[in-house]
Amino acid sequence: MTTATTRPHDRRVSPVFVGILAVAAVTGWATWTGFAAQPGVAVFLFVTAAWIVSLCLHEYAHARTALHSGDITVGAKGYLTLNPLKYTHVLLSIVLPVVFVIMGGIGLPGGAVFIEHGRIRGRWRHSLVSAAGPLANVLFAAVVTAPFWLGALDGVPSGFRFALAFLALLEVSATILNFLPVPGLDGYGIIEPWLSHKVKRQVEPFAPFGLLFVFALLWVPSVNAVFFDAVDAVLRVLGVGGLDQYCGQALYRFWEGTDGFCAVSR
(Lines give C-alpha, C1' and ligand atoms only; values in the text may rest on other atoms or scores of the structure.)
Protein backbone atom coordinates (compact mmCIF):
# COMPACT_ATOMS: atom_id res chain seq x y z
CA MET A 1 0.00 0.00 0.00
CA THR A 2 0.99 3.64 -0.41
CA THR A 3 3.08 5.08 2.41
CA ALA A 4 0.97 7.85 3.90
CA THR A 5 2.40 10.99 5.48
CA THR A 6 0.41 13.34 7.69
CA ARG A 7 1.27 16.05 10.17
CA PRO A 8 1.27 14.97 13.85
CA HIS A 9 -1.70 17.16 14.79
CA ASP A 10 -3.73 15.61 11.95
CA ARG A 11 -3.74 12.35 13.91
CA ARG A 12 -4.21 13.80 17.39
CA VAL A 13 -7.37 12.47 19.04
CA SER A 14 -9.94 15.25 19.29
CA PRO A 15 -11.09 16.52 22.72
CA VAL A 16 -14.63 16.17 21.37
CA PHE A 17 -14.17 12.43 20.95
CA VAL A 18 -12.47 12.16 24.35
CA GLY A 19 -15.47 13.95 25.87
CA ILE A 20 -17.93 11.53 24.25
CA LEU A 21 -15.81 8.61 25.42
CA ALA A 22 -15.81 10.06 28.94
CA VAL A 23 -19.62 10.30 28.93
CA ALA A 24 -19.81 6.65 27.88
CA ALA A 25 -17.38 5.63 30.62
CA VAL A 26 -19.07 7.60 33.42
CA THR A 27 -22.61 6.56 32.50
CA GLY A 28 -21.45 2.98 31.95
CA TRP A 29 -20.05 3.05 35.50
CA ALA A 30 -23.33 4.54 36.76
CA THR A 31 -25.27 1.78 34.99
CA TRP A 32 -23.00 -0.92 36.42
CA THR A 33 -23.02 0.34 40.00
CA GLY A 34 -26.64 1.47 40.10
CA PHE A 35 -25.41 4.92 41.15
CA ALA A 36 -27.99 6.71 38.99
CA ALA A 37 -31.31 7.46 40.67
CA GLN A 38 -33.05 6.57 37.39
CA PRO A 39 -31.34 3.56 35.73
CA GLY A 40 -33.06 4.28 32.41
CA VAL A 41 -31.42 7.71 32.14
CA ALA A 42 -27.97 6.19 32.75
CA VAL A 43 -28.65 3.47 30.15
CA PHE A 44 -29.88 6.10 27.67
CA LEU A 45 -26.73 8.22 28.04
CA PHE A 46 -24.39 5.21 28.06
CA VAL A 47 -25.84 3.58 24.94
CA THR A 48 -26.12 6.90 23.06
CA ALA A 49 -22.53 7.90 23.84
CA ALA A 50 -21.21 4.42 23.01
CA TRP A 51 -23.20 4.43 19.77
CA ILE A 52 -21.63 7.76 18.77
CA VAL A 53 -18.20 6.34 19.62
CA SER A 54 -18.88 3.43 17.26
CA LEU A 55 -19.98 5.84 14.52
CA CYS A 56 -16.71 7.74 14.91
CA LEU A 57 -14.72 4.50 14.75
CA HIS A 58 -16.67 3.48 11.63
CA GLU A 59 -15.68 6.68 9.83
CA TYR A 60 -12.14 6.55 11.18
CA ALA A 61 -11.77 3.06 9.69
CA HIS A 62 -12.82 4.39 6.28
CA ALA A 63 -10.41 7.32 6.52
CA ARG A 64 -7.45 5.38 7.87
CA THR A 65 -7.79 2.70 5.20
CA ALA A 66 -8.09 5.38 2.52
CA LEU A 67 -4.95 7.07 3.88
CA HIS A 68 -2.91 3.90 3.48
CA SER A 69 -4.50 3.26 0.10
CA GLY A 70 -3.35 6.54 -1.40
CA ASP A 71 -5.69 9.35 -0.28
CA ILE A 72 -3.31 11.45 1.80
CA THR A 73 -5.86 14.30 2.03
CA VAL A 74 -7.90 12.67 4.83
CA GLY A 75 -5.49 13.92 7.50
CA ALA A 76 -5.84 17.58 6.56
CA LYS A 77 -9.62 17.17 6.57
CA GLY A 78 -9.53 16.11 10.21
CA TYR A 79 -10.89 12.62 9.63
CA LEU A 80 -8.10 10.95 11.62
CA THR A 81 -8.88 12.87 14.82
CA LEU A 82 -12.14 10.97 15.47
CA ASN A 83 -13.88 14.35 15.73
CA PRO A 84 -17.47 13.93 14.45
CA LEU A 85 -17.69 17.69 13.86
CA LYS A 86 -15.15 17.28 11.04
CA TYR A 87 -17.41 15.02 9.01
CA THR A 88 -18.89 16.30 5.77
CA HIS A 89 -22.46 15.75 7.00
CA VAL A 90 -22.76 15.91 10.78
CA LEU A 91 -26.55 15.73 10.44
CA LEU A 92 -26.45 12.50 8.42
CA SER A 93 -23.53 10.99 10.30
CA ILE A 94 -24.35 11.70 13.94
CA VAL A 95 -27.67 13.47 14.48
CA LEU A 96 -29.90 11.25 12.32
CA PRO A 97 -28.41 7.95 13.55
CA VAL A 98 -29.03 9.04 17.16
CA VAL A 99 -32.57 10.19 16.32
CA PHE A 100 -33.32 6.84 14.66
CA VAL A 101 -32.04 4.97 17.70
CA ILE A 102 -34.33 7.02 19.93
CA MET A 103 -37.31 6.58 17.61
CA GLY A 104 -37.01 2.98 16.54
CA GLY A 105 -33.98 1.23 17.95
CA ILE A 106 -32.19 0.64 14.66
CA GLY A 107 -28.60 1.33 13.73
CA LEU A 108 -28.69 3.86 10.90
CA PRO A 109 -25.57 3.97 8.71
CA GLY A 110 -24.51 7.49 7.79
CA GLY A 111 -22.22 8.87 5.11
CA ALA A 112 -19.58 11.14 6.54
CA VAL A 113 -16.02 11.16 5.23
CA PHE A 114 -15.26 12.32 1.71
CA ILE A 115 -12.70 10.04 0.11
CA GLU A 116 -10.87 11.21 -3.01
CA HIS A 117 -11.17 7.94 -4.91
CA GLY A 118 -9.10 9.27 -7.79
CA ARG A 119 -6.03 9.00 -5.55
CA ILE A 120 -6.66 5.31 -4.84
CA ARG A 121 -5.33 2.75 -7.30
CA GLY A 122 -6.63 -0.77 -7.65
CA ARG A 123 -10.08 -2.26 -7.28
CA TRP A 124 -9.16 -4.24 -4.18
CA ARG A 125 -8.11 -1.07 -2.36
CA HIS A 126 -11.36 0.69 -3.30
CA SER A 127 -13.35 -2.26 -1.98
CA LEU A 128 -11.31 -2.40 1.22
CA VAL A 129 -11.89 1.31 1.92
CA SER A 130 -15.66 0.73 1.70
CA ALA A 131 -15.52 -2.46 3.77
CA ALA A 132 -13.44 -0.93 6.56
CA GLY A 133 -16.36 0.96 8.12
CA PRO A 134 -18.80 -1.92 8.58
CA LEU A 135 -15.91 -4.18 9.63
CA ALA A 136 -15.29 -1.70 12.46
CA ASN A 137 -18.93 -2.24 13.47
CA VAL A 138 -18.34 -5.99 13.40
CA LEU A 139 -15.37 -5.60 15.73
CA PHE A 140 -17.31 -3.27 18.04
CA ALA A 141 -20.21 -5.74 18.15
CA ALA A 142 -17.80 -8.57 18.98
CA VAL A 143 -16.39 -6.58 21.92
CA VAL A 144 -19.83 -5.54 23.21
CA THR A 145 -21.18 -9.10 23.04
CA ALA A 146 -18.02 -10.75 24.42
CA PRO A 147 -19.52 -11.27 27.92
CA PHE A 148 -22.44 -13.12 26.28
CA TRP A 149 -20.58 -15.48 23.95
CA LEU A 150 -17.82 -16.05 26.49
CA GLY A 151 -20.36 -16.96 29.16
CA ALA A 152 -18.92 -14.28 31.44
CA LEU A 153 -22.16 -12.74 32.70
CA ASP A 154 -21.86 -13.92 36.30
CA GLY A 155 -21.76 -10.85 38.51
CA VAL A 156 -22.72 -8.48 35.69
CA PRO A 157 -25.60 -6.25 36.89
CA SER A 158 -28.76 -6.77 34.87
CA GLY A 159 -29.02 -3.12 33.85
CA PHE A 160 -25.54 -3.15 32.33
CA ARG A 161 -26.26 -6.48 30.60
CA PHE A 162 -29.47 -5.07 29.12
CA ALA A 163 -27.62 -1.96 27.92
CA LEU A 164 -24.93 -4.08 26.21
CA ALA A 165 -27.63 -6.19 24.56
CA PHE A 166 -29.36 -3.14 23.08
CA LEU A 167 -26.04 -1.64 21.97
CA ALA A 168 -25.26 -4.96 20.29
CA LEU A 169 -28.61 -4.82 18.50
CA LEU A 170 -27.69 -1.39 17.12
CA GLU A 171 -24.27 -2.57 15.95
CA VAL A 172 -25.57 -5.71 14.27
CA SER A 173 -28.43 -3.87 12.54
CA ALA A 174 -26.04 -1.17 11.33
CA THR A 175 -23.61 -3.80 10.03
CA ILE A 176 -26.31 -5.65 8.09
CA LEU A 177 -27.64 -2.41 6.60
CA ASN A 178 -24.15 -1.21 5.68
CA PHE A 179 -23.30 -4.43 3.88
CA LEU A 180 -26.40 -4.29 1.68
CA PRO A 181 -25.33 -3.83 -1.99
CA VAL A 182 -27.50 -0.74 -2.34
CA PRO A 183 -26.15 2.45 -3.98
CA GLY A 184 -25.08 4.91 -1.30
CA LEU A 185 -24.25 2.19 1.23
CA ASP A 186 -20.88 0.59 1.91
CA GLY A 187 -22.01 -2.74 0.51
CA TYR A 188 -22.40 -1.17 -2.90
CA GLY A 189 -19.05 0.59 -2.49
CA ILE A 190 -17.44 -2.82 -2.03
CA ILE A 191 -18.75 -4.21 -5.32
CA GLU A 192 -18.76 -0.96 -7.35
CA PRO A 193 -15.12 -1.20 -8.49
CA TRP A 194 -15.91 -4.56 -10.07
CA LEU A 195 -18.92 -3.36 -12.07
CA SER A 196 -18.76 -2.26 -15.69
CA HIS A 197 -18.65 1.45 -16.49
CA LYS A 198 -22.09 1.17 -18.11
CA VAL A 199 -23.68 -0.31 -15.00
CA LYS A 200 -22.06 2.31 -12.76
CA ARG A 201 -23.39 5.12 -14.93
CA GLN A 202 -26.89 3.67 -14.80
CA VAL A 203 -26.80 3.29 -11.02
CA GLU A 204 -25.12 6.61 -10.16
CA PRO A 205 -28.29 8.80 -10.24
CA PHE A 206 -29.92 6.57 -7.59
CA ALA A 207 -27.05 6.66 -5.10
CA PRO A 208 -28.38 9.63 -3.05
CA PHE A 209 -31.68 7.81 -2.52
CA GLY A 210 -30.38 4.34 -1.67
CA LEU A 211 -30.69 4.71 2.10
CA LEU A 212 -34.16 6.24 1.77
CA PHE A 213 -35.19 3.30 -0.39
CA VAL A 214 -33.96 0.82 2.24
CA PHE A 215 -35.85 2.52 5.04
CA ALA A 216 -38.96 2.76 2.91
CA LEU A 217 -38.74 -1.02 2.47
CA LEU A 218 -38.33 -1.47 6.22
CA TRP A 219 -41.76 0.13 6.68
CA VAL A 220 -43.21 -2.89 4.85
CA PRO A 221 -44.16 -5.28 7.69
CA SER A 222 -42.98 -8.44 5.92
CA VAL A 223 -39.59 -6.90 5.04
CA ASN A 224 -39.24 -5.45 8.52
CA ALA A 225 -39.90 -8.87 10.04
CA VAL A 226 -37.29 -10.54 7.83
CA PHE A 227 -34.70 -7.89 8.67
CA PHE A 228 -35.16 -8.03 12.43
CA ASP A 229 -35.33 -11.84 12.33
CA ALA A 230 -31.90 -11.73 10.72
CA VAL A 231 -30.62 -9.31 13.38
CA ASP A 232 -32.06 -11.51 16.14
CA ALA A 233 -30.52 -14.64 14.60
CA VAL A 234 -27.06 -13.06 14.61
CA LEU A 235 -27.49 -11.84 18.19
CA ARG A 236 -28.59 -15.27 19.38
CA VAL A 237 -25.51 -16.84 17.79
CA LEU A 238 -23.53 -14.31 19.85
CA GLY A 239 -25.42 -15.39 22.95
CA VAL A 240 -27.65 -12.32 23.29
CA GLY A 241 -31.18 -13.46 24.10
CA GLY A 242 -34.43 -11.82 23.13
CA LEU A 243 -35.29 -10.78 26.69
CA ASP A 244 -31.99 -8.94 27.09
CA GLN A 245 -32.60 -7.12 23.81
CA TYR A 246 -36.15 -6.22 24.78
CA CYS A 247 -35.20 -4.98 28.25
CA GLY A 248 -32.26 -3.02 26.88
CA GLN A 249 -34.52 -1.12 24.52
CA ALA A 250 -37.16 -0.69 27.22
CA LEU A 251 -34.63 0.81 29.64
CA TYR A 252 -33.19 3.01 26.89
CA ARG A 253 -36.66 4.42 26.20
CA PHE A 254 -37.06 5.26 29.88
CA TRP A 255 -39.74 7.85 29.22
CA GLU A 256 -42.14 5.04 28.27
CA GLY A 257 -41.66 3.17 31.53
CA THR A 258 -40.71 -0.51 31.99
CA ASP A 259 -42.49 -3.65 33.11
CA GLY A 260 -41.66 -6.30 35.71
CA PHE A 261 -39.66 -8.36 33.23
CA CYS A 262 -36.94 -5.73 33.18
CA ALA A 263 -36.27 -5.18 36.89
CA VAL A 264 -32.74 -3.84 37.35
CA SER A 265 -30.53 -5.51 39.94
CA ARG A 266 -27.65 -3.72 41.64
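Residues are numbered from 1 along each chain as its sequence is written, and side-chain values use heavy atoms, with hydrogens and water left out. In this predicted model local features need pLDDT of at least 70 and side-chain atom pairs count only at pLDDT 80 or more, while totals for chains, interfaces and linings use all residues.

Helices are DSSP runs (H or I, at least four residues), numbered from the N terminus. α2 and α4 pack at an angle of about 150 degrees. Their axes lie 8 Å apart. Axes are lines fitted to C-alpha atoms over the stretch in contact, and angles run from 0 to 180 degrees between N-to-C directions. α2 and α4 are therefore roughly antiparallel (an angle over 145 degrees). The crossing of α2 with α4 is right-handed, that is, the near helix is turned clockwise from the far one by less than a right angle.

Contact here means heavy atoms within 4.5 Å. From α2, Ala50, Val53, Ser54, Leu57, His58, Ala61, His62, Thr65 and Ala66 meet α4. The α4 side comprises Leu128, Val129, Ser130, Ala132, Gly133, Pro134, Ala136, Asn137 and Phe140. By class, this contact of α2 with α4 has 11 nonpolar, seven polar and no charged residues. Ala, Val, Leu, Ile, Met, Phe, Trp, Tyr, Cys and Pro count as nonpolar, Asp, Glu, Lys and Arg as charged, and the others, Gly among them, as polar.

Ala136 sits in helix α4. Neighbours within four places in sequence aside, Ala136 contacts Leu57, His58 and Ala61. His117 is 19 residues from Ala136 in sequence. The two are 20 Å apart in space, C-alpha to C-alpha.

α2 also packs with α5, at an angle of about 30 degrees. The axes of α2 and α5 are 10 Å apart, and their crossing is right-handed. Residues of α2 in this contact include Phe46, Ala50 and Trp51. Those of α5 include Phe160, Leu164 and Leu167. The contact of α2 with α5 has 12 nonpolar, four polar and one charged residues.

The second largest pocket holds about 150 Å³ of space. A pocket is an open set of points on a 1 Å grid over the protein atoms alone where a 1.4 Å probe fits, with protein on both sides within 12 Å along at least five of seven lines. Its volume is the space filled by probe spheres set on the points, which are joined across faces, edges and corners. Lining residues have an atom within 4 Å of a point. α1 (15-33), α2 (39-67), α4 (123-149) and α5 (158-178) each supply at least two lining residues. Among the lining residues are Leu21, Phe46, Phe140 and Phe160. The lining has 10 nonpolar, one polar and no charged residues.

Notes: Parallel < 35°, antiparallel > 145°, perpendicular 65-115°, else oblique.
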